[in-house]
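Here's a quick briefing to read alongside the model. Have the structure open and follow along.

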Amino acid sequence: MFDEPNSEHERLLEFLYACPVGLVEFDATGTISIINPHAMKHLLPLAGDRDPTNLFTMLQECAPELRNLFGDYQQDRGTVCEGHRIAVDLGISRAGKDSKVLACTLVKLGPTRAVATFSDITVQVAQERRLKQAETWFASLIGGVNDYAVLSITREGIVDSVNAAFTRQTGRDCVEVAGKSLDAILNTDPRSGSLSLSNQLRLAERDGWYLDESWQQRRTGETYWCQRLFAARTGSDGATPDGFSVVLRDVVRDESDTSDLRRMLFFDHLTGAANRTHFLQTFVREQRRWRDGQEPLSLIMLDLDYFKAVNDTYGHPTGDLVLKQVARVCTGFLRPGDLFARLGGEEFGALLPSSSLEEATEIADRLCAAVAAMPILSPQGIFHITASFGCASASDERSTVDVLIADADAQLYAAKRAGRNRVHGGLILTAEI
């Protein structure tokens, strides 16, 4: 009769060890009470020199938003997040492999008890990306032609012809738009992550096509959700496009693509800055564009100085307020085509397409001064913080995403060692820096 509890205990251990999904039980502070081997395999490499007994601390660098998601969940029981995607290996070379992505689900089992699951969905994410590409091509081939407004534009982006469906969809007369720049006809919405029209055309020229979805406005002022496909037309030399076909479709906005979901997928829950996944995808795209020899590309990495002391002295709510203010202030100094992202607990990155190292350093100087001048209101009174900045630019010798991040990071920590609250930048680092 005394063997039964032990048998159940052994069965539970066998289940935890054999389970192909990472399982973690933790309390409201993130302290782990149970973790199975599958979770340890994924999480321990992410802990670095941080406390491996606390879930939120282990994930502070690659998924700092989990702590905020959990803290903001007001109910005692329920699902905090489901299938939340975590880009794990930002800045770490995987030798041509797809970037590793984990799916995380957090469930509160009580006021002070919760469980997290982790699974590797790297292959699934890569397949989704390829399926979306294939879907785009099929969508452009299937369906009635009359449903599509089609514009023909020159390589310089000037409209040279449109079909009758364009007038039905937008209310604009065909004669009215002929000869005008595409910028004067179509809208872009940077807040939803859309690129500028010029950049969309560049990507279409490079890849053969580019798909975008965003709000458009009819002549009456009414807005509608528009799917548009840019397809490059092959020129007489068989290689260089001599223009583009732009296909517009008035579509019902997919419920899975609501603004809330888009924010969750691409933006940090706490600060509203881009998250690691969005940053990495944009970085890879801009690095390819740089490689094609069209524009310079620079990166700024910044890390708040003595941020742990802020949390220890004023508490995490004030620390969160600092992160929000830093993101808001820095984003306000960047151009619409730049991307500001939260890459770790108190680490941010600014991706600057079409910017030289000198320009990036000037921008970093302005950000450094703005952060230092920013007053922080806390229950204990007003205080100030500073940040250290590192800048790097793509060069022939150092151009990959991993290398650029490593260079900017090295410059950042050189700024830390030099006394903090300053900017360091350079193309190639020496071992002494």
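**Loops and a helix pair**

S354 sits in the loop that links β13 (347-353) to α13; helices here are DSSP runs of H or I with at least four residues, strands are E runs of at least two, and both are numbered from the N terminus. This is a predicted model, where local features need pLDDT of at least 70, side-chain atom pairs count only at pLDDT 80 or more, and totals for chains, interfaces and linings use all residues. Residues are numbered from 1 along each chain as its sequence is written, and side-chain values use heavy atoms, with hydrogens and water left out.

**Positive phi**

- S354 isn't a glycine, yet its phi is positive, near 60°.
- At 29% relative accessibility, S354 is partly exposed (buried is under 20% relative accessible area, exposed over 50%, partly exposed in between, with a 1.4 Å probe and protein chains only).
- Y306, also not a glycine, has a positive phi of about 55°.
- You'll find Y306 in the loop between β11 (297-304) and α11 (307-314), and Y306 is exposed at 57% relative accessible area.

**Helix α12 against α13**

- The axes of α12 (residues 316-333) and α13 (residues 357-373) come within 10 Å and cross at roughly 145° (axes are fitted to C-alpha atoms over the stretch in contact, and angles run from 0 to 180 degrees between N-to-C directions).
- V329, C330 and F333 of α12 meet R366, L367, A370 and V371 of α13, with contact meaning heavy atoms within 4.5 Å.
- Those contact residues split into six nonpolar, no polar and one charged (Ala, Val, Leu, Ile, Met, Phe, Trp, Tyr, Cys and Pro count as nonpolar, Asp, Glu, Lys and Arg as charged, and the others, Gly among them, as polar).
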